[in-house]
Amino acid sequence: MNAEYFMKHSGEIETGLSEEDNIYKENILDHYKNPHNKGEIKHNSSIRELNPTCGDEITVFLEIKDSKVKDASFTGHGCAISQAGISMLTDKIKGMNINDVKKIKNEDIYKMLGIKITVPRIRCALLSLKAVNSAVKNYEIRNN
Amino acid sequence: MNQNDFPILKQKINGKRLVYLDNAATSHKPLSVIDAESNYYGEFNSNIYRSLHTLCQKATNEFEKTRNKIAKFINAKEEEIIFTKGTTESLNMAANGLKHILKKGDEIVLTVMEHHSNIVPWQQIAKEKGAVLKFIPITKDYRLDMDAAKKIISKKTKIVSVVYISNALGTINPVKEIAKLAHKNNAIFIIDAAQAVPGTKIDVKDVDCDFLAFSAHKMLGPTGVGVLYGKHKMLEQLTPFNFGGHMIREVTLNDSTWNEIPWKFEGGTQNIAGVIAFGKAIEYLNDIGMNRIKKNDEELTGYALEQIKNVKNVKIIGPSDNKNRSAIISFHIDGMHPHDVSELLDREGVAVRGGHHCCMPLMKVLKIPGTTRASFYIYNTKEDVDVFIEALKKAIEVFKL
């Protein structure tokens, strides 16, 4: 019963890739190879976040003054998606009020990356936001 | 070898033929195994040992037949085979069951190339008992440093637990030699054989290990089934791990006594369908012959090692020659994360694994975030290697290295 079923249907399972599935777009590779804001800066909050399944690692450094992100940087390593993500996000949050930083949604990160994120890559894509949020929270706990 | 028996291999991935090189993670299943699992549910589903009706007799017989096949497969006695849900549970069972022999300051010897499943249980037990963990280091050629091992394994050592074949490096470790070192010091010797049993003829008496752990799903069998082999006299001093149904002899409100070996370690209803299907996997492997499987693995690995040397920027993370090396090829490309390599290979229909392979401590020792790993098994061919190499070149082009 089984054998027949598999023999009949297994050849039919097929998936295809379209151009929009290409996640290795020029801007992602640019940020990956030449990351912005990489290296430790003078900071008053920092936190290390890991993606345990694949070993992506990001440490975020934030210098926050009067509820504003004066400066932001990161160190770490990982796949193109996670590293391009934190490169872009540190650009984005510089000068932002931390209350606005806290409002950044997962969808905003996908939009910022400009690529289609598949299920296995969600954690890579969102590691940057997780790290930034933790660093902000860390700052708030210590200053309130 | 018999690709037609594996329905999953007939499909296309991204419009390309599926080239499955992730066998170290899990192997595919032949139809005989898939059918065995569903036949149990469709024809004689019942709980083993509990009842006296016909269905139960048939299920119990089939279940125990697998125990017999496995015993023969590794040259053990039937009662020395304990079913678990996988290598991880087997190692946890061994670690927990041996806890009572440890005193403060006793040493447990592992290696830096262990999978998390052969590190974390020992860490927990060491913390609880005040025991000390020691690690055998590796050489520049990614092999165990046996000179160091001779010094590390001492009279203080109570347990030595070592991986037979590294899932991250492909290194085959000299387990017979380590068994001698352990036993000379009256230590118990345990082998994580998850990557070894699928492609190597193993004789537990010849290796002289006290315990050996492996999983069905890496050797054509279903997921959720594993084995802990233990020498009879070792199982006598192993404390049970899962307390409950079927593992008891007598229960009163305040105390219990245990069933005989091996059933005292198999508390609760087992993965009956899985165990029965595992028996079919063993039959399939026996029909081909373990020597033939090993030869095929060696030929493919040798060929792939030669071919991969011609790809720019690739550094092999594992023994450089094909001696004492399994069908696992791990590599690193400077400037490309393993996840990106594996995602790009998938576009060409090539399935590999990228990451730390559950060996974070090893990656730390090697100072790399992870590797990309291609691993072969019985259905792979030289053509698969060729497709893989071409896909790898294409992936590197995307990153313009």
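The legends below describe close-up views of a predicted model. Local features need pLDDT of at least 70 and side-chain atom pairs count only at pLDDT 80 or more, while totals for chains, interfaces and linings use all residues. Residues are numbered from 1 along each chain as its sequence is written, with chains lettered from A and ligands numbered from 1 in the order in which they are written.

**View 1. The two domains of chain B.** Chain B is assigned domain 1 (3-23 + 289-398) and domain 2 (32-286); the bounds come from an automatic or database domain assignment. The C-alpha centres of the two domains are 28 Å apart. Contact joins 23 residues of domain 1 to 20 residues of domain 2, where two residues are in contact if their C-beta atoms, placed from the backbone, lie within 7 Å. On the domain 1 side, α10 (290-308), β14 (328-333) and α12 (360-366) of chain B each supply at least two residues, and α10(B) gives the most, with 5 residues. Helices (H or I, at least four residues) and strands (E, at least two) are DSSP runs numbered from the N terminus. By class, this side of domain 1 has 12 nonpolar, 8 polar and 3 charged residues; Ala, Val, Leu, Ile, Met, Phe, Trp, Tyr, Cys and Pro count as nonpolar, Asp, Glu, Lys and Arg as charged, and the others, Gly among them, as polar.

**View 2. The open sheet of 7 strands in chain B.** The strand order is β4-β10-β9-β8-β7-β5-β6, with mixed pairing; two strands pair if DSSP finds at least two bridges between them. At the edges are β4 (81-84) and β6 (132-136) of chain B, each pairing on one side only. Strand β5 (residues 107-111) of chain B runs parallel to β6(B) over 5 bridges, and B:Glu107 stands opposite B:Val132 in β6(B). Helix α6 (residues 175-184) of chain B packs on the sheet, touching β7 (157-163) and β8 (188-192) of chain B, and its direction makes about 155 degrees with that of β8(B). Axes are lines fitted to C-alpha atoms, for helices over the stretch in contact, and angles run from 0 to 180 degrees between N-to-C directions.

**View 3. Helix α13 of chain B with α11(B).** The axes of α11 (residues 338-347) and α13 (residues 382-398) of chain B come within 9 Å and cross at roughly 120 degrees. That angle makes α11(B) oblique to α13(B); angles under 35 degrees count as roughly parallel, over 145 as roughly antiparallel, 65 to 115 as roughly perpendicular and the rest as oblique. B:Val341, B:Leu344 and B:Leu345 of α11(B) meet B:Ala391, B:Leu392, B:Ala395 and B:Val398 of α13(B). This contact has 7 nonpolar, no polar and no charged residues.

**View 4. Helix α13 of chain B with α10(B).** These helices pack at an angle of about 25 degrees, with axes 10 Å apart, and are therefore roughly parallel to each other. Among the residues that meet are B:Tyr303 and B:Gln307 in α10(B) and B:Lys382 in α13(B). The contact divides into 6 nonpolar, 1 polar and 1 charged.

**View 5. The open sheet of 3 strands in chain A.** The order is β1-β2-β3, and the pairing is antiparallel. β1(A) pairs with strand β2 (residues 56-65) of chain A over 7 bridges, and A:Leu50 stands opposite A:Glu57 in β2(A). Helix α3 (residues 80-93) of chain A packs on the sheet, touching β1, β2 and β3 of chain A. Helix α6 (residues 122-143) of chain A lies across β1 and β2 of chain A, at about 150 degrees to β1(A).
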